[in-house]
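Please walk through the model below, from the packing of its helices to its strands, its disulfides and a few backbone details.

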Amino acid sequence: MVLVFSPSSRAWLVIVGYLFLLADILQLAQCFPLDLNQTTSWIDVKERDTGEITTTTPGTYTGIRLYPSCAGKEKFFKNAFDNMAKIASDAKTSVATVEKALAKDRKKMLPTERSYTDLYQSLYGTFDLKDKNKVKNAKAKLKVISKFVGKYAQGLSGNQFKLDVYCNGEAWVTDGKKDTEGVYTFKLPNEPLSVPTDNEHLDICKDEDGSRTTLAFVTTSRDHSKDYMTVCPLAWEAWTDDTTLVTKKAEGLKELLGKSLDEVLNKTPESVFLHELTHADSYFGNDALDDRKLGAEEEDDASAYEWVDITKLAKEDKDKTKISDIRPLDNADTMMYFLSGLYLSEKANWGDGICRDPKKVK
């Protein structure tokens, strides 16, 4: 039997067909919502278009957004944050190992336990393992460190950081006029929630005399809902190859012997990002770390960066017992060196800042 439709019936069939098509489109739209405010691409799915804001990979670090100045660096950031997640996760176990080792006579410690403990004492204050009060104080500090490290690891593995990343300082603009204190005020014009920041040079990544010492910096939003990380040109010049903390660890003891921890960390992006993310106020809140100064912490006192100064800070505060007064616990570079050093200490002892054979350190 052949069905014959009149012109009006055929018109209705066309309309019904379009309705079914529209229903399919709406169903797809529910699965893949369209954001009309910005374009977001996933680095493992498609190429990044100029001018887009991108993230790293779906379901991993979607709270970390890369701005146009980071074009082509999506995989770089994904690898760096993957490594950081591994480093922070491993540190949780290492901190627990340090705490257990404090109950032992040093002669009975395993080489790895001595490596962890030596690093801890250098960065947070030396003490006599036979002095019960000193050990008690050391464990109290470890408790604070353990809490921070645990939260850090959870933030990375749980996709909880909210961070906008700029790969140079060009997004920060100033009117070119110094204020009454002789500094320029910089703003992110397309980010109304960003907090203005000051600098003595017209280039936010340069010092007053035009020199470059800043690798990166982090600021927070007014409502503390997210942070902004700016990576300066000096950092990209330092990262000239594929060197990471993971590749450094893979080199083995023979290649690392005699090298300083400063030398190793200065060539790896994870060390910079591990430091900067400790400032992430939107995630850590009141537990976010600062860049503490040596001495009386006067304006002209040096900030505690790198091995010499962070170990000096530890010596200055080693006998303090009030947690809030112990500056190494609140110093970003101290935490970065501890996390990085623990990761590298499975095969080496960095207790004095130089790589040594852990089996030969007594």
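Predicted model: local features only at pLDDT ≥ 70, side-chain atom pairs only at ≥ 80, totals over all residues.

Helix α3, residues 111-124, packs with helix α12, residues 332-344, at an angle of about 170°, and the two axes are 10 Å apart. Angles over 145 degrees count as roughly antiparallel, so α3 is roughly antiparallel to α12. On the α3 side the contact is made by Tyr116, Leu119, Tyr120, Leu123 and Tyr124. On the α12 side, Thr334, Met335, Tyr337, Phe338, Gly341 and Leu342 meet them. By class, the residues of this contact comprise nine nonpolar and two polar ones, with no charged residue.

The strands come next, with β2 as the point of reference. β2 pairs with β1 in the parallel sense, over three bridges. Within that pairing, Ile64 has Leu163 of β2 as its bridge partner. β2 also runs parallel to β6, and four bridges join these two strands. How are the two faces of β2 placed, covered or open? Both are covered: Leu163 and Val165 on one side are buried, and so are Asp164 and Tyr166 on the other.

A disulfide is a covalent bond between the sulfur atoms of two cysteines. With sulfur atoms within 2.5 Å as the criterion, the count comes to two disulfides. One of them joins Cys70 and Cys167, whose sulfur atoms are 2.1 Å apart. This link is right-handed, with 100° about the S-S bond. Cys70 sits in the loop between β1 (64-66) and α2 (74-101), while Cys167 sits in the loop between β2 (163-166) and β3 (184-186), so the bond ties together parts that are 97 residues apart in sequence. Cys70 counts as buried because its relative accessibility is 0%. Cys167 is buried too, its relative accessible area being 5%.

The other disulfide is formed by Cys205 and Cys232, again with sulfur atoms 2.1 Å apart. The torsion about its S-S bond is about -75°, and therefore this disulfide is left-handed. Cys205 lies in the loop between β4 (197-199) and β5 (216-220), and Cys232 in the loop between β6 (227-231) and α5 (233-238). The two cysteines are 27 residues apart, and the pair links distant parts of the chain. Cys205 is buried at 4% relative accessibility, and Cys232 is buried at 0%. Numbered in sequence order, the bonded cysteines of the protein pair as 1-2, 3-4. A further cysteine, Cys355, is buried at 3% relative accessibility.

Two backbone details remain. Most residues other than glycine have a negative phi. Asn159 is not a glycine, yet its phi is positive, about 55°. Asn159 is found in the loop between α4 (132-157) and β2. Glu306 is also not a glycine and has a positive phi, about 65°. Where is Glu306 found? Glu306 belongs to helix α11, residues 306-317. Glu306 counts as partly exposed because its relative accessibility is 35%.

Conventions:
Residues numbered from 1 in each chain as written. Heavy atoms only, no water. Buried < 20%, exposed > 50% of the residue type's maximum accessible area, 1.4 Å probe, protein only. Pairing = 2+ DSSP bridges. Axes fitted to C-alpha atoms, helices over the stretch in contact; angles between N-to-C directions. Parallel < 35°, antiparallel > 145°, perpendicular 65-115°, else oblique. Contact = heavy atoms within 4.5 Å. Nonpolar A, V, L, I, M, F, W, Y, C, P; charged D, E, K, R; others polar.
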